[in-house]
Amino acid sequence: MKKATAQFRFVLVTVITLLLVSCSGAQTTEPTPEPLPSTFAFSKGADVGWLPQMEATGYKFYDVDGTQKDCLQLLKNRGMNTIRLRVWVNPSNDKASGHCSPAETVVMAVRAQKMGMRIMIDFHYSDTWADPAKQAKPAAWANHSFAELQNDVYKHTFDVLTALKTAGVTPEWVQVGNEIPGGMLWPEGKSSNFSQLAQLLNKGYEATKAVNSNIKVIVHVDEGNNNAKFRWFFDNAKANNVNYDIIGLSYYPYWIKSDYTTTILDLENNLKDMVSRYGKEVMVVEVGGDYTLVQNTKEMLTAVINAVKSVPNNKGLGVIYWEPEGEKNWSGYQLNAWQSDGKPSPALDAFKN
């Protein structure tokens, strides 16, 4: 018994010594990434890729009382807890269709995290906008073989996430591709050749998990009310062994020329079908409404939030507004949620609940 007690004391002293050494050396190491949330918290957020450029051009943001404030603070005051950031490979310096480089994305992510925001990184795997109508390869990858493209996806994903980690940021979510019903990195990664698309997606997944296995990987498709499109895409994803954690959806009644009241139940049913059919979590990673229809947009946002929250067992993770701060006079974007006087649209109050 005494021998066992002595062994226990030796082990205890050893553990305490190691802990003290570890703690004493912590001051000289790189910043420790924020731990990812361990309990469920509904995500309410905004994609704000335009924000640094808006500020650089002198755009000022104001609260309802006329006081100038940080845009992120204004969003946070309206109940938002998440910031989504797109990243392009080698973007131009164009005001509205450029920037969002890896380096700029890191700076923005650090800033958002310091505001207490959760972070989502949206990899477009392009030098500019990638969406259902266009998925152009980065110029630097244009002549690469398919094997090289797989390495490109892995390295780009790994390098950006490693840069974020070094800066003290661990994203909670990573999107591998942006609105990809037609695939990405065309033509090699078109969804008409799903086996190759699957390999590219899995490289993004592998790179993400290599940086931090707790980061959840999202695969993102547009028209979240279109169940047939989602079943087609994710049936193919399953058949081709695509690895991912979350099904991401866009929902824009404006683009399908229909009021949200005619499609909101389709969105809700699709969300629930995705969970039951594939055993995945779901998230509306892009939503927006006409900035001139304030009350309608507010009601639409409330309905979308309620639809996602109605998914059983907390499998509906959250709702993110795409570029609410992109005021029309600056961006030309109809689905922003900002007023011409620099103040947030009352529509964003939907996120307070």
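The questions and answers below concern a predicted model.

Q: Why is H99 called buried?
A: The relative accessibility of H99 is 17%. Buried means under 20%, so H99 counts as buried. This residue lies in the loop between β2 (82-87) and α4 (102-114), and H99 has a positive phi of about 65° although it is not a glycine.

Q: Why is E223 called partly exposed?
A: E223 has a relative accessible area of 27%. Buried requires a value under 20% and exposed a value over 50%; E223 is therefore partly exposed. E223 is located in the loop between β5 (216-221) and α7 (227-239). Its phi is positive, at about 55°, although E223 is not a glycine.

Q: What makes F230 and F234 a stacked pair?
A: Two criteria apply: ring centres within 6.5 Å, and planes under 30 degrees apart. The ring centres of F230 and F234 are 6.1 Å apart and their planes stand at 25°, so the pair is stacked. Both residues lie in helix α7, four residues apart, about one turn of the helix. F230 and F234 are both buried.

Q: Which residues do ring pairs link into a cluster with F230 and F234?
A: The cluster also holds F194, W232, F233, Y244 and Y278. By the pairing rule, the count comes to 19 aromatic pairs.

Q: What makes K190 a charge over the ring of W186?
A: The distance criterion is within 6 Å of the ring centre. The charged end of K190 sits over the ring of W186, 5.0 Å from its centre. W186 is also joined to P187 by a cis peptide bond, with omega about 5°. P187 lies in the loop between β4 (173-176) and α6 (194-211).

Q: How far is K95 from the ring centre of W330?
A: K95 lies over the face of W330, at 4.6 Å from the ring centre. The cut-off for that distance is 6 Å.

Q: How do you know that β3 pairs with β4?
A: Pairing requires at least two bridges. Four bridges join β3 (residues 118-123) to β4, and the two strands run parallel. In β4, Q175 is the bridge partner of D122.

Q: In what order do the eight strands close into a barrel?
A: The order is β1-β2-β3-β4-β5-β6-β7-β8, with parallel pairing. Neighbouring strands of this sheet are turned by 25° against each other on average, direction ignored. Helix α4 packs on the sheet, touching β2 and β3, and its direction makes about 175° with that of β2.

Terms used: Residues numbered from 1 in each chain as written. Predicted model: local features only at pLDDT ≥ 70, side-chain atom pairs only at ≥ 80, totals over all residues. Heavy atoms only, no water. Buried < 20%, exposed > 50% of the residue type's maximum accessible area, 1.4 Å probe, protein only. Phe/Tyr/Trp six-rings, centres within 6.5 Å; stacked < 30°, edge-to-face > 60°. Lys NZ or Arg CZ within 6 Å of the ring centre and 35° of its normal. Axes fitted to C-alpha atoms, helices over the stretch in contact; angles between N-to-C directions. Contact = heavy atoms within 4.5 Å.
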